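Me: Could you take a close look at one helix pair for me, and then say how the chains meet? Please spell out the cut-offs as you go.

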There are 2 protein chains.
Amino acid sequence: MARPKKFDEAAGLQKAMNVFWKKGYAGTSISDLTTSMEINAPSLYATYGDKHKLFVSALQTYLQSQHEWMRQAVLEQKPVREIIRYLLATLIDATLEDPERRGCFMVNTITEMANQDTQVFRIAADNENQIRSILADLIRKGQTSGEIASEKDAEILASFLFINFMGIRVIAATNSDKKHLHSALDAILSAI
Amino acid sequence: MARPKKFDEAAGLQKAMNVFWKKGYAGTSISDLTTSMEINAPSLYATYGDKHKLFVSALQTYLQSQHEWMRQAVLEQKPVREIIRYLLATLIDATLEDPERRGCFMVNTITEMANQDTQVFRIAADNENQIRSILADLIRKGQTSGEIASEKDAEILASFLFINFMGIRVIAATNSDKKHLHSALDAILSAI
DNA sequence: GTAGTTTTGTATCGATCATTACAAAACACA
DNA sequence: TGTGTTTTGTAATGATCGATACAAAACTAC
């Protein structure tokens, strides 16, 4: 019935995500996006809406893959502490191995816009709740199996872990000392 | 010999800092700055250089006050754990009480630009070294006084604390649950 | 007062910003 | 082979970007 699209919508969104991730919202121009996505501005607007809508879509794409990865890791049949160490260690390694050192797209977005963009603020708050919930479940699992002292408050430990997730993402953007970062994991785990 | 300046240079820098802190580097326009600083563009350029130079000056102003505050706190004649708790608690409260929820200017800058601006990268790395050094000294003080187990590695504990400083600054930008954030401090301190 | 120096205000620079009008191009279906 | 529909490419919109040219204004030193 009509001329078909020349590009893959999901692939374009992925490209957009990578640009926003690297340069931030304000630092990314439509020209940056059309160049990277290899489409024209009218196609971008027709397909993804305006810049802000595309940004939100890119962010949610990122969060989905992030959550999926975390849920996968949590399902593993391994000691809970090992899972937690794996999560933290993988965050460090991923950040250090990224040649562009982009850190965490969600953290970058929070620090850039959460205080000025209510939609972004809600997404960030929602993300925190989801991840804290995953972590709290994991800790409760460790408590029922006896790996973690059951007197401890799982919600608080989850918050503590979440703080360290965020902190590691920031530090690893400027500190390249892999050994040093990994050794901090021992301190983190000692609090659990 | 000449017409004197109508505005206070240091006060203008402070105003600029507050704007950059809230809106970030890319998100701040020269117009935003001249409006807030109540000077004209030519005065801004003549006094502070270009936008990037002004930004770096603002960031260094921020870091100086931050370091001064921390060095002051560390000098207090109180138990080391109390000092650490005070530092963390004050960070939480300051972030929550800021009506603009700007978080930490250094963290915001790292996540916005450290991967694209070598000067900012160096400033961030230098800041990390300074703060980690202050924290390591504090921990060593606690070890000589017997408050902290001397088997522990002071440098690693300092890194651990630094991670939590950064993490708290990010979280407190979107999570307003003061009680909850404060209760996470117990977990942090339990690792020391 | 006058000369010399610097800051100020105005007005503008070319470049780029996000967004869109418009028409040619490319397909599906008849 | 048309007809209808949607995407594409080009080109442009007004607005704003960072940065300055220029001259009037404001001060000090003489």
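Reply: In chain B of this predicted model, helix α7 (residues 118-144) packs against helix α8 (residues 154-171) at an angle of about 125°, their axes lying 8 Å apart. Helices here are DSSP runs of H or I with at least four residues, numbered from the N terminus; axes are lines fitted to C-alpha atoms over the stretch in contact, with angles from 0 to 180 degrees between N-to-C directions. That angle makes α7(B) oblique to α8(B), oblique being what remains after under 35 degrees (roughly parallel), over 145 (roughly antiparallel) and 65 to 115 (roughly perpendicular). The crossing is right-handed, so the near helix is turned clockwise from the far one by less than a right angle.

Contact means heavy atoms within 4.5 Å. On the α7(B) side the contacting residues include I131(B), L135(B) and I139(B), and on the α8(B) side L161(B), F162(B) and F165(B) are among them. The residues of this contact divide into 10 nonpolar, three polar and four charged, where Asp, Glu, Lys and Arg count as charged, Ala, Val, Leu, Ile, Met, Phe, Trp, Tyr, Cys and Pro as nonpolar, and the others, Gly among them, as polar.

As for the chains, 41 residues of chain B are in contact with 41 residues of chain A.

Two notes on conventions: residues are numbered from 1 along each chain as its sequence is written, and chains are lettered from A in the order in which they are written. Local features need pLDDT of at least 70, side-chain atom pairs count only at pLDDT 80 or more, totals for chains, interfaces and linings use all residues, and side-chain values use heavy atoms, leaving out hydrogens and water.

Methods: Helix = DSSP H or I, 4+ residues; strand = E, 2+ residues; numbered from the N terminus.
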